[in-house]
Amino acid sequence: MAGSQAFIAFRNSSDATLKSYTSPITGYHTFLIQGSLSFPVYAVSASYYSSGDMIIFASFKLPENTTVVNHVWQEGPVSKDGTHGVHSFSAPNLQSLGTIDFASEK
């Protein structure tokens, strides 16, 4: 989604290594290139499980006076050379959003 500040993680299909990083998404035809976000990020990592689930862990500082953030998540194809493909535009992908309130922990 254009304007998003993204935490990205994927599993390399050829050697099963995990890569995680940040990427500012500036348009709808993004390549998810590694880059800095508009807020400090101290660490990003990921874990992959045999169930196919992946969890991204991140340590970051919210902008001043911010406690609620919008949250979106997507999954999409990754080619053998690590190039990210476009995610599906089916209903489940378009509805994968919410908010996180860090003050109330909800």
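A contact here means two residues with heavy atoms within 4.5 Å of each other. This is a predicted model, so local features need pLDDT of at least 70 and side-chain atom pairs count only at pLDDT 80 or more, while totals for chains, interfaces and linings use all residues. Residues are numbered from 1 along each chain as its sequence is written, and side-chain values use heavy atoms, with hydrogens and water left out.

**Exercise 1.** Find what share of the contacts between residues at least 6 apart in sequence join residues at least 24 apart.

*Solution.* Take the contacts in the protein chain between residues at least 6 apart. Of these, 42% join residues at least 24 apart.

**Exercise 2.** Work out how the rings of Phe7 and Phe60 are arranged, and which parts of the chain they tie together.

*Solution.* Start with the rule: rings of Phe, Tyr and Trp (its six-membered ring) pair if their centres lie within 6.5 Å, and planes under 30 degrees apart are stacked, over 60 edge-to-face, the rest tilted. Next, the centres of Phe7 and Phe60 are 5.5 Å apart and the planes sit at 35°, so this pair is tilted. Finally, Phe7 lies in strand β1 (residues 5-11) and Phe60 in strand β4 (residues 54-60), so the pair ties together parts 53 residues apart in sequence. Strands are DSSP runs of E, at least two residues, numbered from the N terminus.

**Exercise 3.** Decide whether Phe39 and Phe60 are buried or partly exposed.

*Solution.* Buried means under 20% relative accessible area, exposed over 50%, and partly exposed in between (1.4 Å probe, protein chains only). Phe39 has 14%, so Phe39 is buried. Phe60 has 28%, so Phe60 is partly exposed.

Methods: Helices (H or I, at least four residues) and strands (E, at least two) are DSSP runs, numbered from the N terminus.
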